[in-house]
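I opened a notebook page for this structure. My entries below follow the order in which I looked things up.

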Amino acid sequence: MFSYLPEALKVLSKYKDHPRCENKDIVLPMLSNQKMNAYLKEIADLCYVRKHLTFHLARHTFATTVTLSNGVPIETVS
């Protein structure tokens, strides 16, 4: 784990004992692409963002603005 990303560590610890994660042996509960895109649209509407947001766009934005900007190696991000 990266000690300089404390918010990410908080999220991981929040879901450590989540039943869906334990049943499927995953780190975070996963939403369907359709549901994730619906949530992103709702957030965009609430924030008056006119750009069409998708999970694909969010994933790449996270990779560039959060991980790479905080010194995470590109090999880890990819």
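**Entry 1: a lysine in helix 3**

I began with Lys-41, which counts as exposed because its relative accessibility is 51%, and the cut-off for exposed is over 50%. I then looked for a partner. The side chain of Lys-41 meets that of Asp-45 in a salt bridge, at 3.3 Å from N to O. Why can these two reach each other along the chain? They sit 4 residues apart in helix 3, so about one helical turn separates them. Asp-45 is partly exposed, at 46% relative accessible area.

**Entry 2: the model itself**

I noted that this is a predicted model. The mean pLDDT of the protein is 88, and 95% of the residues score at least 70. Helix 3 (residues 33–46) has the highest mean, 95. Helix 5 (residues 74–77) has the lowest, 86.

**Entry 3: salt bridges**

How many salt bridges does the whole structure hold? My search of the whole structure gave 2. Lys-10 and Glu-7 are 3 residues apart in helix 1 (residues 6–14), so they are separated by about one helical turn. Both Lys-10 and Glu-7 are exposed.

**Entry 4: fold and dimensions**

I counted 5 helices and 0 strands. From the N terminus the order reads α-α-α-α-α. Next I took the overall dimensions. The C-alpha trace spans about 35 × 30 × 20 Å along its principal axes. The radius of gyration is 15 Å, whereas a compact globule of 78 residues would have one near 12 Å.

I followed this with burial and contacts. Of the 78 residues, 9% are buried. Taking contacts between residues at least 6 apart in sequence, 20% join residues at least 24 apart. The accessible surface is about 6,700 Å², and carbon and sulfur atoms account for 60% of that.

**Entry 5: a buried threonine**

Is Thr-67 buried or exposed? I found Thr-67 buried, because its relative accessibility is 10% and the limit for buried is under 20%. Thr-67 belongs to helix 4 (residues 55–67). I set aside the neighbours within four places in sequence and listed what remained. Thr-67 is in contact with Phe-62, Val-72 and Val-77.

**Entry 6: a nonpolar patch**

Which residues form a nonpolar patch on the surface? I found Val-11, Val-27 and Leu-28, with about 240 Å² of accessible area together. Val-27 counts as exposed, at 56% relative accessibility.

**Entry 7: positive phi**

I turned to backbone angles in residues other than glycine. Asp-25 has a positive phi, near 55 degrees. Asp-25 lies in the loop between helix 2 and helix 3. At 71% relative accessibility, Asp-25 counts as exposed.

Tyr-48 is not a glycine, yet its phi is positive at about 55 degrees. I placed Tyr-48 in the loop between helix 3 and helix 4. Its relative accessible area is 73%, so Tyr-48 is exposed.

Notes
Residues numbered from 1 in each chain as written. Predicted model: local features only at pLDDT ≥ 70, side-chain atom pairs only at ≥ 80, totals over all residues. Heavy atoms only, no water. pLDDT = per-residue confidence, 0-100. Helix = DSSP H or I, 4+ residues; strand = E, 2+ residues; numbered from the N terminus. Patch = residues over 30% accessible without salt bridge, like charges linked within 9 Å, V, L, I, M, F, W, Y side chains within 5 Å. Areas by Shrake-Rupley, 256 points an atom, 1.4 Å probe, with all protein chains shown as cover. Salt bridge = Lys/Arg side-chain N within 4 Å of Asp/Glu carboxyl O. Buried < 20%, exposed > 50% of the residue type's maximum accessible area, 1.4 Å probe, protein only. Contact = heavy atoms within 4.5 Å. Rg over C-alpha atoms; globule rule 2.2 N^0.38 Å.
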